[in-house]
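Below is a short briefing on one chain of a model and on its contacts with a partner chain. The points are grouped by topic.

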Amino acid sequence: MKNFENEMKLEFLSKSSNEAFARITVAAFASQLDPSLEELADIKTAVSEAVTNSIIHGYENKIGIVKLEAKLIENEIIIEISDHGKGIENVEIAKEPLYTTKPNLERSGMGFTIMESFMDDVKIESVLGLGTKITMTKKIKKQEEDEMEEESLNLITKD
Amino acid sequence: METKFFEKDKLLVLKITDEIDDYSVQKIRRRADNEIERYMPKRVVFDFDSVTFMDSAGIGLIIGRYKFTNMLGGSLEVANLTQSVKKIFEMSGILKLIPIVSLDEYKV
């Protein structure tokens with residue numbers, strides 16, 4: 001069994017006013033890993049996309065429960081966002097950039113593309129009629145590593 | 001959202017002051033369309049200087065306003081993109097259609 005360093009769970013109603021609440025909560029939790037501002041922005045955006053999907057597509061604006069779990073293991077954050085909504089018919093097609101089932105509502109179809117490029121790993125599990133679970137992982141670079149890289153760069157430029 | 005209209009250049013600057021997500025975008029969209037219809041500008045510039053967060057809802061917002069201003073005979077541009085806003089716009093490819101401009105000559 002894995003030994004988790006820290007863990008949190010959150011449940012909230014599928015109202016789009018909760019999107020900001022969800023991403024800000026995850027960001028506050030993730031800050032324990034001392035992420036850079038850019039890493040934090042990436043995490044917030046990916047969470048916002050996943051939660052929006054649950055609300056808009058999973059529950060189609062009906063009221064349901066969105067579950068959010070986050071774990072910190074060493075220098076990684078693992079975020080799980082799940083709903084008991086209608087599920088995704090074809091995950092591969094849903095992941096295509098610009099694909100959207102709701103183009104008339106000015107949806108860009110970029111949600112999964114953003115999650116995949118902002119996080120290190122994204123796993124989508126979905127069963128029609130039962131719901132969807134997104135598991136996203138991001139490795140937080142140690143700030144010391146950044147400094148060391150800068151130092152070695154300085155050395156190279158000195159030579 | 002803060003609005004400024006420069007009569008001489010028929011330029012409408014729409015400065016977004018909220019975080020942009022699926023929730024806030026509905027209000028921003030309504031206000032922007034109202035202002036565009038009211039001033040019938042030649043140029044519409046969205047100013048992102050005060051935007052602290054944006055997800056893919058921002059892409060839909062800009063594409064939608066791009067179509068709307070084009071339909072009314074105007075053009076759409078964006079200004080003061082933060083690093084994270086730029087990253088999302090670049091990913092979507094919309095910067096090929098919509099130029100980034102400077103608002104330095106207009107005091108906003």
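Chain B contains three helices and five strands, where helices (H or I, at least four residues) and strands (E, at least two) are DSSP runs numbered from the N terminus. Along the sequence, the order of these elements in chain B is β-β-α-β-α-β-α-β. The model is predicted, with local features needing pLDDT of at least 70 and side-chain atom pairs counting only at pLDDT 80 or more, while totals for chains, interfaces and linings use all residues. Residues are numbered from 1 along each chain as its sequence is written, and chains are lettered from A and ligands numbered from 1 in the order in which they are written.

**Overall form of chain B**

- The C-alpha trace of chain B spans about 35 × 25 × 25 Å along its principal axes.
- Chain B has a radius of gyration of 13 Å, which agrees with the value near 13 Å for a compact globule of 108 residues; the radius is taken over C-alpha atoms, and the globule rule is 2.2 Å times the number of residues to the power 0.38.
- Of the 108 residues in chain B, 39% are buried (20 or more other C-beta atoms within 10 Å of the residue's own; exposed means 12 or fewer, partly exposed in between, with C-beta atoms placed from the backbone).
- Taking contacts in chain B between residues at least 6 apart in sequence, 74% join residues at least 24 apart; a contact means that the C-beta atoms, placed from the backbone, lie within 7 Å.

**Helix α1 of chain B**

- Helix α1(B), residues 25–39, has 15 residues and reaches 21 Å from its first C-alpha to its last, close to the expected 21 Å at 1.5 Å a residue (1.5 Å times one less than the number of residues).
- The buried residues of α1(B) are B:V25, B:I28, B:A32 and B:I36.
- These residues lie on the same side of α1(B) because they cover an arc of only 60° around the axis, taken from the directions from the helix axis to the C-beta atoms.
- Their cover includes β2 (11–15), β3 (43–47) and α2 of chain B.
- B:K27, B:R30, B:N34, B:E37 and B:R38 are exposed on the other side of α1(B).

**Interface with chain A**

- On chain B, 16 residues are in contact with 19 residues of chain A.
- Two or more residues come from each of α2 (57–71) and α3 (83–92) of chain B.
- α2(B) gives the most, with five residues.
- This side of chain B has seven nonpolar, five polar and four charged residues (Ala, Val, Leu, Ile, Met, Phe, Trp, Tyr, Cys and Pro count as nonpolar, Asp, Glu, Lys and Arg as charged, and the others, Gly among them, as polar).

Definitions and conventions
Two residues are in contact if their C-beta atoms, placed from the backbone, lie within 7 Å.
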